[in-house]
Every structure is written in C-alpha cells, then in structure tokens.
Amino acid sequence: MELTAEILNLRPYLFRIGYNMLGIVEEAEDIVQDVYEKWIKAENVREPRAYLGRMVVNKSIKRLEELKKLRETYK
C-alpha cells in the first residue's frame, strides 16, 4: 500500500505508542520508520490505524526483549 497523507498523519500516534513502551526517543522513531517500511508491502488492510498500532506494539515488545538480553550480557 502507499503512504498516503492519512497514514502519515498517524505518525505521532505510532510514536507515542513506541515511546510509552520503550522510553527512548530514538528507539521509538526507529520502530515507527520500520513499520512504515513494512506498510508499503502490506495488502488488503481494512483498519490501517489498528494494523499499524499493533505492528508498533509487537516491534516494541521484541525490542524490549532484545534490550533486556543486552543488559543481561553486560552484568
């Protein structure tokens, strides 16, 4: 699908989700960018806001797990 103005206007919403979960601005921005890249390849999405929001949540959870593993290896 293409990045229309409607989808691009969801960026602050998606950023808030990522930032609230991760607490790191750069990480949240990276996740939102990754989600937009995957959105371009998505097909037949009826609820873009819900779809993109869920993608950000899933990627944030995965990133939290990765960061936790990194912290464990430094101890």
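Modeller: Helices are DSSP runs of H or I with at least four residues, strands are runs of E with at least two, and both are numbered from the N terminus. The model is predicted, so that local features need pLDDT of at least 70 and side-chain atom pairs count only at pLDDT 80 or more, whereas totals for chains, interfaces and linings use all residues. Residues are numbered from 1 along each chain as its sequence is written, and side-chain values use heavy atoms, with hydrogens and water left out.

A salt bridge is taken as a side-chain nitrogen of Lys or Arg within 4 Å of a carboxyl oxygen of Asp or Glu. By this rule there are 2 salt bridges. In one of them, arginine 63 meets glutamate 66 at 3.0 Å, N to O. Both residues belong to helix H4, where they stand 3 residues apart, about one turn of the helix. In the other, the side chain of arginine 63 meets that of glutamate 27 at 2.8 Å, N to O. Because glutamate 27 lies in helix H3 and arginine 63 in helix H4, this pair ties together parts that are 36 residues apart in sequence. As a general point, side chains of opposite charge can pair when their charged atoms come close.

For solvent exposure, buried means under 20% relative accessible area, exposed means over 50%, and partly exposed lies in between (1.4 Å probe, protein chains only). Glutamate 27 is buried, at 17%. Arginine 63 is partly exposed, at 22%, and glutamate 66 is likewise partly exposed, at 33%.

With contact meaning heavy atoms within 4.5 Å, and with neighbours within four places in sequence left aside, leucine 52 touches Ile7, Leu10, Leu14, Val35 and Trp39.

One further charged side chain deserves mention. A charge sits over a ring if NZ of Lys or CZ of Arg is within 6 Å of the ring centre and within 35 degrees of the ring normal. Arginine 49 lies over the face of tyrosine 13 in this way, at 3.8 Å from the ring centre.

Finally, the loop between H3 and H4 contains asparagine 44. Asparagine 44 has a positive phi of about 55° although it is not a glycine, and it is exposed, with a relative accessible area of 72%.
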